[in-house]
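Let's take a walk through this model together. Have the sequence and the 3D view at hand, and follow along one piece at a time.

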Amino acid sequence: MIPVIQSLIDATSAGAVYALAALGIGLVFGVLRLANFANGEIITGAAYALILVWPLSWPLALAASVVVAIALSLLMDLAVFRWMRSQSAASLLIASFGVSILLQRAYEGIFGVNVRTGAVAPALTRSVNVGGLRLSMLAIVAIILAAVLLIAVHFFLTKSRMGLQVQAAAANFREARILGIRSGVMIAVTLGMSGILAAAVAFVLTTQSGAVNPTFGVQATLFGLIGAVIGGLNRIGGALVGGFAVGFALSLFTTWLPSGFGDFRVALVYLLVIVVLLIAPNGIFAGRTAKERT
Amino acid sequence: MSLDNTERVLMVSGLRVAYGGIPAVSDLSFHVNAGEMVGIIGPNGAGKSSTLLGVVNAVRSESAETSLRGVDLRRMAPEQVARAGLALVTEGHHIFGRLSVRDNLRLGSTARRDRRGLADDLRWVYELFPILSEFAERPAGLLSGGQQQQLAIGRALLAAPTLLALDEPSLGLSPTAVDTVFAAIESICARGTAVLIVEQRAQQTVATATRTYVLTEGRITMTLSPNDADDSALLMKAYLGS
C-alpha cells in the first residue's frame, strides 16, 4: 500500500509540473493562436539562470529566472511572432520550431554543448518521513507551487478586469478588439504569464536534475504541448488537465512497468494520446465550444 | 447638450474593401449626423458587413475619409476606433458564451473611467433589456438568440459610444425579438446616440431610419426616406436593381 501511495504522490507532482507547462502553452495558444514549441527554450533560459546564479544568491537566482523567462517570451514575440499575426496556426507552429532551434544553438554558443551542473534548492532534495511514507520534499513543493500558481491564474482570469479581457481575447480576438480591448496589452500579459509558468517548471526540473543543457526544456514542452492538445488547446482548463494527465501517466508508467519495459513509457503515452485524439479530435474538453470561434 | 442636426458624427468617403483582390465595397460614401439613425440595406453579399468592418478597420480598407466627429479613423487599430467612440455590434452578435452576462457587460466598458456615468448607463441598459438584469449571473451562451443580441447591444452601449453600428441585428431572431430590438434602437437614438444599422429587413429599416442607403454590389444605388417604406415596388426595385 505504501509504495502505491508514494508513487501516486510522485505522479501527482510530475502531473503538476506538466500541468504548469501545458497551461503556459494553452494560454498563449488561446490568445495568439501560437502553439509555441520554443516554450522549451524559455524553460531552458530560466534553468540556466537558476543553475548559474544560485551559488551567488538564491533569491537573485529565482528573480533572474523569472525575468529571463518573461524577457525571452516577450522578445521572441517581438522578433518573430508579431510579424506573423495574420498567418495560420500551422505557420506559427513551424516558425516556433525555428525559434526553438535557433535558441538551442545560441545556448550552445554561450554555455557550451555540455551539461552545466549546480545545486538548485538542495534543501528540497531530501526526503521526509510522514507516517512511514518516504516523501520527496521536492514532490510536495512541486504540488504546492503548481497549486498556488494555478489558483493565482484562475483568480486573475476570472476576477480581475484585465483577466476578463484576456479571456475575451482568447475566446474571440477580433471581437475583443472591436470592443476596445487593447490587443498589444493582452498579448504582453499572456506572454508574461507563460514566462512565469515556464520559470516555475524550470525551478522544479533543475532542483530535480541539478543540471542544464541546451535542450533541457524540450521534453517538458513536448509533453506540455501534448497535454494541451489532448485536453483541448481551445480551453485553458482543458490544457491544464491534459498536461496533468500526461505527467501523471508518465510517472506511473515509470514506476509500474516491469523493468526492461521502462523505455516504452513514452511510447505508451503517445499511444494513449492517439486513442484520445481518435475519440475526441479537438481534445477532451473542446467539443462544446469549438464552434463558438470564428 | 443640444443636438445640432447638421453635425456630422460619421463621415465616410470613397471607402473600398477588397478580399484578395476581389472588391466587396467600391467607392462608398455616406454619413451619419448627430441624433440620426441611418440604415444601409441590400441583398446578401452586397457588401454591408464589409462596409462596417472596413470602417472600424477590422478588415483592410482604404478611403478618402473615414472620420468620427472629425477624428480620422483610418490609421487606427480596431480597438482604437472603439475607444474613439464607435461601437460595432458584429453580425451574429459574438458574445462570450462561457462568461456570465454581467462579465460580458463589463467587457463593454473596458475603456470607461467614469464610474458614475457607467453606473447610470448600466441602469439604463437594464431598463432597456430587463432580461439582462434577470439573467446577470448566467453564462451568456445559455441565452436565446434574441437575448444574446440584446446583450451584444447592451455591451456596446456601456462603452458610451458616439455612434452605435449594428450589423444585421434582426438576423435569426423571432418576430417579437426583432420588435424588441428595433424599439430599443429607437430609444437609443432618442437618448442621443447616433445609430448606423445594416439590415436585410428593408421595410422596417426604411420606416424607422432617418435615411436609408441601398447597397448593391458594393455601391450605393439609392437613398430612401421613411416615406418610401410603404412603396413596396420601390423597395423591390432597390433590392433587385433596375
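**A guided look at the two chains**

In chain B, six strands build an open sheet in the order 7-8-9-3-10-11, with mixed pairing. Here, helices (H or I, at least four residues) and strands (E, at least two) are DSSP runs numbered from the N terminus, and two strands pair if DSSP finds at least two bridges between them. Strand 7 (86-89) and strand 11 (219-224) of chain B stand at the edges with a single partner strand each, so one side of each has no neighbour in the sheet. From one strand to the next, the twist averages 20°; such angles run from 0 to 180 degrees between N-to-C directions, with axes fitted as lines to C-alpha atoms, for helices over the stretch in contact.

A word on what you are viewing: this is a predicted model, in which local features need pLDDT of at least 70 and side-chain atom pairs count only at pLDDT 80 or more, while totals for chains, interfaces and linings use all residues. Residues are numbered from 1 along each chain as its sequence is written, and chains are lettered from A and ligands numbered from 1 in the order in which they are written.

Staying with the sheet, strand 8 (residues 163-167) and strand 9 (residues 194-199) of chain B pair in the parallel sense over five bridges. One of these pairs B:Leu163 with B:Ala194 in strand 9 of chain B. Helix 7 (residues 175-190) of chain B lies across strand 3 (37-41), strand 8 and strand 9 of chain B, at about 155° to strand 9.

Now turn to chain A. Strand 2 (residues 127-130) and strand 3 (residues 133-136) of chain A pair in the antiparallel sense over four bridges, and A:Asn129 stands opposite A:Arg134. These strands form a hairpin with two residues between them, and A:Gly131 in the turn has a positive phi of about 55°.

Next come two helices of chain A. The axes of helix 5 (residues 137-159) and helix 8 (residues 183-209) of chain A come within 10 Å and cross at roughly 175°. That makes helix 5 of chain A roughly antiparallel to helix 8 of chain A, a term for angles over 145 degrees. Among the residues that meet are A:Leu145 and A:Leu149 in helix 5 and A:Leu197 and A:Val204 in helix 8 of chain A; two residues are in contact if their C-beta atoms, placed from the backbone, lie within 7 Å.

Finally, how do the chains meet? In total, 17 residues of chain A are in contact with 21 residues of chain B. Helix 6 of chain A gives the largest share of chain A's side, five residues.

How values were computed:
Parallel < 35°, antiparallel > 145°, perpendicular 65-115°, else oblique.
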